[in-house]
Amino acid sequence: MVFRTGEASVMSLRTFRRDRITRPIFNWASGIMPPISETERDAIDAGTVWWDGEIFTGNPDWDKLMAMPPARLSEEEQAFMDGPVRELCAMVDDWKLTWKDRDLPKEVWDFMRERKFFGMIIPKKYGGLGFSNTTHSEVVRTVSSASVVAGVTVMVPNSLGPGELLMHFGTDEQRDYWLPRLADGREIPCFGLTSPDAGSDAAAMTDTGVVEYGRFEGRKVLGVRLNFHKRYITLGPVATVMGLAFKMHDPENHLGRGEDLGITVALLPTSTPGVAHGERHIPQFTFFQNGPLYGKDVFVPLDHILGGEKQIGEGWKMLMTALAAGRSISLPSQSAAAAAMCARVSGAYARIRTQFNVPLALFEGIQKPLADIAANAYLIDAARRLTLAALDEGHRPSVISAIMKYHATERMRRSVEMAMDIHGGKGIIDGPRNYLGGQHRSVPIGITVEGANILTRNLMIFGQGAIRSHPYMLEELLALSETDKEKSLDRFDRHFWRHIGHAIANTGRALLRGWTAGAVGTAPENAATPAHWKQLSRYSAAFALLSDLCILTLGGALKRKEMISARLGDILAEIYLLGAVLKRFEVEGRLEEDRPIIDYIMLQGQGRIATAFAGVLDNLPARWAAFLARFIAFPAGLPDPQPSDRLTSEVAELLTKPSTQRDRLSPDLYLGEGHGEHALKDLEKAFALVTAIAPIARKLREASVSDPREAVEKGIITASEMDQLAEAKTAADRVIAVDAFPMEEVSPIATQHQPKKTARPRRATQREAAE
């Protein structure tokens, strides 16, 4: 009886809370929070919540992160890396490809087909290689270090093409037919999404498919009449099958589902009557196959719809699901290759090249970009490996994939720019000797594709994360969207008060960690760098607090406050990336020689976090909320630590001396093996020789003697050492040299600049001269 009375009291209190307290809040929230559109819901539902959810709690379980096994290759996968991947790299002459052939040679296409480069992710039962996400990434990374064109050609069929969608959404019949043909290269796939009127805004798509009866292969069948114009389609000019995204309509209601059926995907052989392709775009003079596809009155049966009739209208969800994984692999892999290549070649060139008889590497102005390049290479690869480990465990983290796409390509962009600065004229003169030109030309491509970076930063990372990754926000929004208001109120009441409890607990954490400058933050058990982990815990609590305050005070208007959203996304991203760096340090054995670069990255990262926090707090319209967040989380002001000059020089030095550490910063790159002549082979040889003769050069400097012959005569160095100096000088000169071409080879109209031949002037006679 007492129990029943107590239970009734609790129920009465809940009813009172719902009706008297929650209802006004519910009514207020309904007015300021816009309903979730169908397109937004598909994007939110795509992928899974993973470590981004932990960060949004304000109290990440770092031990859980540390317990995740690192990404590994199997023996079979490693053999593929050591064999076919290296063979493919040696087959590609990037200069000849770009400036003469404008395509990969036939023998390269044939090799990729034969060795199943296009079927790496396709299961073995369909004839593919069945490799892991990690192997897919490693292959793209190594091949891209030899040639961006070859890397893109391998990447697309394994990430954003029909193969990925078939495995997740295709019917058994579609898988049985298409996957073996894709795996062995009989079919070359592409995916048609972007059109002139619809890039990021899929709702603006004008490509249509109308359900009607038509004739196909001599039979009258119910199908779809397609009209489309797609552009920027990688592999489009040579594709034999495309995954086509279009808006499907059924004006006569043949399917009994109404007129507008939504975005749908069809598998369309490019040989189908009415399909036109073969024209090429030229993306920044990076000649991977890319071009438009057109379709006029193309008719196909309904069984061409990917996944069959049950997947009609599910196209946007399919694409978002594929992107959740694909964007974690494709461009981050290429960015990791470019960042590592910039680190390796910039350190070597700065050591080889001298000005005022001093190697560039010793100038402090050069050491700063060198240190930043080293930090970017370490960080991008750390985050790439952690994300791949999550993918291999079955996660499809859409928010993390957006972080990876944006931050990997942006840091790659900055690394390439700094590498060009260090190389100076060497980097801007194109030719076979230039190993940076191709990377520099391709930078805008990575920034633009798979979700332009401006869009990704301003709308996706925090915008999607705040709804998808927040522990309660999605449930609250879904409650507000229900049509039954009483059920909606009940659901909102339940999750809202849990949210309040979470907010109170997190406010306490943010206060404690803020007022102790992070000293009481959490860190993994037995961590090698607990202070760094504790700072991340502090920032995570402050981020969760500020996120709740922004959502509370801005409501649906936060979607339009893109600059505030972007800065919140920067904080979320930095916490993830820095956590990946610390995990990599632990996984690789806490190597003491890596501590300088870890400290450098963490100090820089904390500075970026401080800048982002300041931007939000300075611009948050609700000034009381900004004051409250500052008081709780940053009572002594925002910390803005920066690496010291000494630490910067120490990190830069990692790239300018031969060491296993330098090799670990730039692993598995293609450095010209298998080529008769290759610029990177020359660079590696010169670097080894120049660093080897450093003690000999020191003897000359200490003796104030510049001529090696004089030094031999004076007994300062031996004749053998003089020969070593000469060999190193020859090798260095070969690296520093740039290409020059005959004028007629560069320009077909070069003869117009050649001076005209004229008769020699006649010498005046003595009489004429006198007159």
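**Helix packing and buried sites in the predicted model**

The model is a predicted one. Helix α27 itself spans residues 694–702. Its buried residues are A694, I696, A697 and L700. Viewed down the axis of α27, these buried residues fall within an arc of 160°, so they line one face of the helix. S704 follows α27. The phi of S704 is positive, near 55°.

Helix α10 covers residues 162–169, and helix α11 covers residues 172–183. The two pack at an angle of about 150°. Their axes lie 10 Å apart. Angles over 145 degrees count as roughly antiparallel, and α10 and α11 are therefore roughly antiparallel to each other. The crossing of α10 past α11 is left-handed. On the α10 side, the contact is made by G163, L166, M167, H168 and F169. On the α11 side, Q174, R175, W178, L179 and L182 take part. By class, the residues of this contact divide into six nonpolar, three polar and one charged.

H499 is found in helix α19, which runs over residues 485–515. The relative accessible area of H499 is 10%. Buried means under 20% relative accessible area, so H499 is buried. Leaving aside residues up to four places away in sequence, H499 touches H470, Y472, M473, E476 and D548.

P292 lies in a strand, β7, formed by residues 290–301. The relative accessibility of P292 is 4%. P292 therefore counts as buried under the 20% cut-off. Residues up to four places away in sequence again set aside, P292 touches K230, R231, A276, H277, E279 and H281. D707 provides a reference point along the chain: P292 and D707 are 415 residues apart. The C-alpha atoms of P292 and D707 are separated by 62 Å.

How values were computed:
Residues are numbered from 1 along each chain as its sequence is written. This is a predicted model: local features need pLDDT of at least 70, side-chain atom pairs count only at pLDDT 80 or more; totals for chains, interfaces and linings use all residues. Side-chain values use heavy atoms; hydrogens and water are left out. Axes are lines fitted to C-alpha atoms, for helices over the stretch in contact, and angles run from 0 to 180 degrees between N-to-C directions. Helices (H or I, at least four residues) and strands (E, at least two) are DSSP runs, numbered from the N terminus. Angles under 35 degrees count as roughly parallel, over 145 as roughly antiparallel, 65 to 115 as roughly perpendicular and the rest as oblique. A crossing is left-handed if the near helix is turned anticlockwise from the far one by less than a right angle, and right-handed if clockwise. Contact means heavy atoms within 4.5 Å. Ala, Val, Leu, Ile, Met, Phe, Trp, Tyr, Cys and Pro count as nonpolar, Asp, Glu, Lys and Arg as charged, and the others, Gly among them, as polar. Buried means under 20% relative accessible area, exposed over 50%, partly exposed in between (1.4 Å probe, protein chains only). The arc is that of the directions from the helix axis to the C-beta atoms.
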